[in-house]
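Here is a short report on one protein model.

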Amino acid sequence: MKNLFDIRGRVVVVTGGAGILGRSICVYLAGQGACVAVLDRDEKAGEALVGEIRAAGGDALFFATDVLNREVLVSNREAILGAWGQIDILLNAAGGNMGGATIAPDKSFLDLEIEAFRKVVDLNLFGTVLPTTVFGEAMTARRKGVIVNFCSESALRPLTRVVGYGAAKAAIANYTKYMAAELAMKFSPEMRVNAIVPGFLLTNQNRALLTNEDGSYTDRARTIIAHTPAGRFAEPEELLGTIHYLVSDASSFVTGALAVVDGGFDAF
């Protein structure tokens, strides 16, 4: 019987591939036999990651990128096609937050830095839309491909403080559903778009919100855990099974879905 989860030889593009989440994803997918294109701004971290993957017997290449620059993305796409001949999967893992787009407990929306808000929306929303357009073009040529966007709990319900990030991720949830219909109906039902909705993890972007200088949890972190039935933060590796499912033939009839991996936060 066919192994529905077999992704050997499939070419996977991961934006933000050298970040905390991206790194874990790239190592895992390469270990499953995929050819992994690691795209990131951090050349040193990206090259080190590719070296690690190759040392373990995996197939990976690093490409310095800017997810807000179409010309750079097109150059990345052509280099990837030159190396492997096709693009099967795109993971839009690039994103993040910044202080000015959040509202501190002693502040209000009147203190919001609009330019910071704009930058967060640009990075998270347009940093998903542009790669989808550029790499999706290579998929339309073959009328087959899988795109997985990275959403957030803040897209499902408004969370205090992270107003810019929440607005951008809510837009990604809507964009995911729109693109699922757009690609399936105008190009091919074998083109699918879904999003993963991670629960709370400690990343470089939220560490200042969730931990104190001594490493202890902030009040916000303790509140999140109190509202998470699993009683803890997620580990990056706990997203891998869901991602594997979404990029494989095991989910061939799944498109436009938001796959929540949050320890029960949204249910409680």
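## Cysteines

Cys151 is buried, at 3% relative accessibility. Buried stands for under 20% relative accessible area, exposed for over 50%, and partly exposed for anything in between (1.4 Å probe, protein chains only). Cys26 is also buried, at 0% relative accessibility.

This is a predicted model: local features need pLDDT of at least 70, side-chain atom pairs count only at pLDDT 80 or more, and totals for chains, interfaces and linings use all residues. Residues are numbered from 1 along each chain as its sequence is written, and side-chain values use heavy atoms, with hydrogens and water left out.

How many disulfides are there? The count is zero, where a disulfide is taken as a pair of cysteine sulfur atoms within 2.5 Å. A disulfide is a covalent bond that joins the sulfur atoms of two cysteines. For Cys26, the closest cysteine sulfur belongs to Cys35, and at 13 Å that is too far for a bond.

## Helix 1 and helix 2

Cys26 also takes part in a helix contact. Helices (H or I, at least four residues) and strands (E, at least two) are DSSP runs, numbered from the N terminus. Helix 1 spans residues 20-31 and helix 2 spans residues 43-55. Their axes lie 10 Å apart and pack at an angle of about 25 degrees. That makes helix 1 roughly parallel to helix 2. Axes are lines fitted to C-alpha atoms, for helices over the stretch in contact, and angles run from 0 to 180 degrees between N-to-C directions. Angles under 35 degrees count as roughly parallel, over 145 as roughly antiparallel, 65 to 115 as roughly perpendicular, and the rest as oblique.

The crossing of helix 1 and helix 2 is right-handed. Helix 1 contributes Arg23, Cys26, Val27 and Ala30 to the contact, and helix 2 contributes Leu49, Glu52 and Ile53. Contact means heavy atoms within 4.5 Å. By class, there are five nonpolar, no polar and two charged residues. Ala, Val, Leu, Ile, Met, Phe, Trp, Tyr, Cys and Pro count as nonpolar, Asp, Glu, Lys and Arg as charged, and the others, Gly among them, as polar.

## Helix 4 and helix 6

Helix 4 (residues 114-142) and helix 6 (residues 163-186) have axes that come within 8 Å. They cross at roughly 20 degrees. Helix 4 and helix 6 are therefore roughly parallel. Their crossing is right-handed.

Residues of helix 4 in this contact include Phe117, Val121, Leu125 and Val129. Those of helix 6 include Tyr165, Ala168, Ile172 and Met179. The contact has 13 nonpolar, four polar and one charged residues.

## Loop residues

Val162 sits in the loop between helix 5 (153-156) and helix 6. Is Val162 buried or exposed? Val162 is buried, with a relative accessible area of 9%. Beyond its neighbours within four places in sequence, Val162 touches Asn97, Ala101, Thr102, Ser154, Leu209 and Arg220.

Arg161 lies in the loop between helix 5 and helix 6. Arg161 has a positive phi of about 80 degrees, although it is not a glycine. Arg161 is partly exposed, at 25% relative accessible area. Arg143 is in the loop between helix 4 and strand 5 (145-150). The phi of Arg143 is positive, near 60 degrees. At 44% relative accessibility, Arg143 is partly exposed.

Key: A crossing is left-handed if the near helix is turned anticlockwise from the far one by less than a right angle, and right-handed if clockwise.
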